[in-house]
Amino acid sequence: MTQSEFLNIVMPFKDKVFRLAKRLLVSKEEAEDATQEILLKLWNNKQKISEYKNVEAFSMTMTKNFCLDKLKSKHAQNLKIVHSNYQDKNVSLQKQVELNDSVGWVSKIMEELPEQQKIILQLRDIEQYDFEEIGKMLDMNQTAIRVSLSRARKSLREKLTKTHSYGVK
Amino acid sequence: MVLNNIEKLIEKYDNGETTLQEEQQLKDYFSQETVPPHLEVYKSMFQYFLYTHEEQFTKDVPLKSKKTYSLYQWISVAAVAVIMLGIFTQFEIFQTQPQTLADLTPQERAEYEEAKEVLALFSSNFNNGTDKLMALNMVSDNFDKGTDNMAYLSEVSSTTNKILKTN
């Protein structure tokens, strides 16, 4: 497989991998490293790519596992990702589209959700995968996904309502 | 879109029962400027979803192609193996050249026996010949004895010569 063939396969979903990694790891740099790692792993196993039924779902599963492992090892080392040095470079873009502050809040509140709910919310509401695909990626049945998704959406909304009505978090 | 309809969709959405199409409808609805105040929360949610969906991975991935062993390299390895095998088996054949009678087919064995008989006959006659040659040997022995006697004769003659000289 040549490099361009590989890129043709990988291109459509590399952003999704990156966004999922960023959702879980929060920092942009960490997410970039993780994405790089995932793509390199795929590249090194490029002979096997044709055997995979669904490269995209496979990569998303890989990303999820990779990021969760990373988080686990961070917890084990008693280290936490420091957010103080992390600045969203897209803030100006945010202003351009005249989004109000609450959009920023959504991101913060999503960070507080349990990992599983974060992943499901990310895959469904942002990446718009259907339940069948999510089920394959996470190895879960669809009812469980719906339940978890519903919980995530409700708690996101409740927390947002709180910040809206009091103006504080 | 009718607000009523949107509210129904929102409820379904909260229960995780909406389809992707319905969610798209919601996203479209909430991307407009003004929404009823009680739905303000959803507006920020859906806008956030749309906004984060735009984020892209911009870093380059250094794809170094691992050194792949081409077919030719494997063929050369195979060729060496074949040559080694060839030499080895040839060697084996030379080693196992001496065959025993048991290896032969019945026909070959018969031929072998026949040849053996012929050779035995030949060699026995040959030995007969050598018996006769023994007689010749004996003659030559006697002949040698004769030459020994001749030595005496020559001695006698030399002494007679001496006698003749002194006289």
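For these notes I count a polar contact as a pair of N or O atoms within 3.5 Å; within protein, one must be able to donate a hydrogen and the other to accept it, and residues adjacent in sequence count only if both atoms are side-chain atoms.

Ground rules: this is a predicted model, where local features need pLDDT of at least 70, side-chain atom pairs count only at pLDDT 80 or more, and totals for chains, interfaces and linings use all residues. Residues are numbered from 1 along each chain as its sequence is written, chains are lettered from A in the order in which they are written, and side-chain values use heavy atoms, with hydrogens and water left out.

**Entry: the A/B interface**

I looked up contacts (heavy atoms within 4.5 Å) and got 35 residues from chain B and 46 from chain A. The two chains bury about 3,800 Å² between them, 56% of it on carbon and sulfur atoms; that is accessible area (1.4 Å probe) lost on being put together, summed over both.

**Entry: polar pairs**

I found 19 residue pairs in polar contact between chain B and chain A, both residues at pLDDT 80 or more. Helices here are DSSP runs (H or I, at least four residues), numbered from the N terminus. The largest share, 11 residues, comes from α3(B).

I also got 5 salt bridges between the chains, each a side-chain nitrogen of Lys or Arg within 4 Å of a carboxyl oxygen of Asp or Glu. R157(A) and D14(B) form one, at 2.3 Å, N to O.

How values were computed: Helix = DSSP H or I, 4+ residues; strand = E, 2+ residues; numbered from the N terminus.
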